[in-house]
Amino acid sequence: MAVGRGPAGEPVWPEGIVGAIAHAGDVAIGLVGRTTDYAGLGVDVEELARGPSPRAARLVCRPAEMEWTEVESGTRRLTMLFSAKEAVFKALFPLERVWLGFGDAELTWVPGRCGFDARLLKRAAAGYPIGSVLPVHCTLTASQVLSTTYCVS
Ligand SMILES: CC(C)(COP(=O)(O)OP(=O)(O)OC[C@H]1O[C@@H](n2cnc3c(N)ncnc32)[C@H](O)[C@@H]1OP(=O)(O)O)[C@@H](O)C(=O)NCCC(=O)NCCS
């Protein structure tokens, strides 16, 4: 079946399916699951060398996140954090179409999982009030970061 596109650009999946799409460079990814398992899925891929500039860091990061990104040493961590936030947005937006800005979630690095805990600072949906936490997993290659997350149903 064809995947549609909603008014905000979000993918519209067939009945019973949730998912997310990402593309960067020559990579395209679609992540899908069943609504019986997931309320939403999020995926993002970014070229590590083409992420946000250090000057954009304050638009992407909350103060505590700024410390972790260490932008003065390069933008690798900033790109990882940016990618993780995009994945969180893609997982949550389709639930109730609530727009989340970059400041609406605070991410904390979880070294054991190679990823972040994303704590919501704004209500995203009935099952996702302020304080909810989404686990984000990051997979790093030499040139890209892939971020994935999910919301349970
Ligand atoms: C919507 C957004 C996440 C898309 O990211 P992008 O870097 O432009 O592009 P990507 O390749 O990563 O993803 C593109 C896919 O995102 C999906 N997408 C677009 N808008 C979407 C939305 N509102 N909700 C869910 N998915 C969306 C589409 O499937 C799109 O694929 P398509 O271009 O083939 O239709 C981004 O443009 C954006 O607006 N971000 C700001 C909001 C945000 O990230 N907040 C952080 C909250 S913590």
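Reader: Reading along the sequence, what pattern does the protein chain follow?

Author: Reading along, you get β-β-β-β-β-α-α-α-β-β-β-β. Helices (H or I, at least four residues) and strands (E, at least two) are DSSP runs, numbered from the N terminus. In total, the protein chain has 3 helices and 9 strands. Its radius of gyration is 15 Å, close to the 15 Å that the globule rule gives for 153 residues, so the chain is as compact as a globular protein of that length. That radius is taken over C-alpha atoms, and the globule rule is 2.2 Å times the number of residues to the power 0.38. A word on provenance: this is a predicted model, where local features need pLDDT of at least 70, side-chain atom pairs count only at pLDDT 80 or more, and totals for chains, interfaces and linings use all residues. Residues are numbered from 1 along each chain as its sequence is written, and side-chain values use heavy atoms, with hydrogens and water left out.

Reader: Okay, the sheet next. In what order do the 5 strands come?

Author: Start with pairing: two strands pair if DSSP finds at least two bridges between them. Here the open sheet has the order 5-9-8-7-6, with antiparallel pairing. Strand 5 (38-47) and strand 6 (105-110) are the edges, each pairing on one side only. From one strand to the next, the twist averages 20 degrees. For angles, axes are lines fitted to C-alpha atoms, for helices over the stretch in contact, and the values run from 0 to 180 degrees between N-to-C directions.

Reader: How many residues sit between strand 6 and strand 7 in their hairpin?

Author: There are 4 residues between them, and Cys114 in the turn has a positive phi of about 50 degrees. Strands 6 and 7 pair over 6 bridges, in the antiparallel sense, and Val110 has Gly115 of strand 7 as its bridge partner. Moving on, strand 7 and strand 8 share 5 bridges, also antiparallel, with Asp117 standing opposite Pro135 in strand 8.

Reader: And which residues of strand 9 partner Thr139 and Cys138?

Author: Thr139 has Leu146 as its bridge partner, while Cys138 has Ser147. Strand 8 (residues 133-140) and strand 9 (residues 144-152) are joined by 5 bridges and run antiparallel; their hairpin has 3 residues between the strands.

Reader: Where does helix 3 lie?

Author: Contact means heavy atoms within 4.5 Å. Helix 3 lies across strand 5, strand 6, strand 7 (115-120), strand 8 and strand 9, at about 150 degrees to strand 5. To judge a helix's length, take the expected span as 1.5 Å times one less than its number of residues. Helix 3 (residues 76-96) has 21 residues and reaches 32 Å from its first C-alpha to its last, close to the 30 Å expected. Just after the helix, Arg97 takes a positive phi of about 60 degrees.

Reader: Last one: is Asp44 buried or exposed?

Author: Asp44, which lies in strand 5, counts as buried because its relative accessibility is 3%. Its side chain makes a polar contact of 2.9 Å with that of Ser83. Such a contact is a pair of N or O atoms within 3.5 Å; within protein, one must be able to donate a hydrogen and the other to accept it, and residues adjacent in sequence count only if both atoms are side-chain atoms. Beyond four places in sequence, the contacts of Asp44 include Glu86, Lys90 and Leu146.

Note on methods. Buried < 20%, exposed > 50% of the residue type's maximum accessible area, 1.4 Å probe, protein only.
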